[in-house]
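Colleague: I would like to learn how to read a few features of a protein model. Please take them one at a time.

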Amino acid sequence: MRLLHTMLRVTDLQKSLDFYQNVLEMKLLRQSENAEYKYTLAFLGYGDELDTTVIELTYNWGTDAYELGNAYGHIAIETDDIYQTCEKIKSLGGVITREPGPVKGGTTVIAFVKDPDGYMIELINKKDAGKGLGES
């Protein structure tokens, strides 16, 4: 078995596509509409779906708000240079909610950005990705 995708419901598909493609540099892998059930799906990622886990954006036509709830945490994305990535995100109008720095109680350098619907995305330096909180 393997993890295929994470699905996020979005309220403005074009705004979300712009964010994930232009700010987070993902590629739009495929998109489809279902007129009968009034929804559009868009799959984005950093590689082919056969090899990597991707994000599915689901736009339910006419829905303009969702309750994010308090159980959802975040999506984590590896980056080569977290400081440069955060500066680029800010220059493109993205919202950094936690500037880069070590995780509390550890050495892994992380940051957080919020997508257009308020979903949290954790950025982790490539050299730190996959390590435990206190490892270096």
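Modeller: Start with contacts, meaning heavy atoms within 4.5 Å. Not counting residues up to four places away in sequence, Asp117 touches Arg9, Val10, Thr11, Ser16 and Leu68. This is a predicted model, in which local features need pLDDT of at least 70 and side-chain atom pairs count only at pLDDT 80 or more, while totals for chains, interfaces and linings use all residues. Residues are numbered from 1 along each chain as its sequence is written, and side-chain values use heavy atoms, with hydrogens and water left out.

Colleague: Where does Asp117 lie?

Modeller: Asp117 lies in the loop between strand E7 (109-114) and strand E8 (120-125). Helices (H or I, at least four residues) and strands (E, at least two) are DSSP runs, numbered from the N terminus.

Colleague: Which side chain makes a polar contact with the side chain of Asp117?

Modeller: A polar contact is a pair of N or O atoms within 3.5 Å; within protein, one must be able to donate a hydrogen and the other to accept it, and residues adjacent in sequence count only if both atoms are side-chain atoms. For Asp117, the partner is the side chain of Thr11, at 2.7 Å.

Colleague: How many salt bridges does the structure hold?

Modeller: There are four salt bridges. In one of them, the side chains of Lys88 and Glu25 meet at 2.0 Å, N to O. Lys88 lies in helix H2 and Glu25 in the loop between H1 and strand E2 (27-34), so this pair ties together parts 63 residues apart in sequence.

Colleague: Which residues are linked in a network of salt bridges?

Modeller: The network links Glu87, Lys90 and Glu99. Lys90 meets Glu87 at 3.2 Å, N to O, and Lys90 also meets Glu99 at 3.2 Å, N to O. An α-helix has 3.6 residues a turn, so residues three or four places apart point the same way. Here Lys90 and Glu87 both lie in helix H2, three residues apart.
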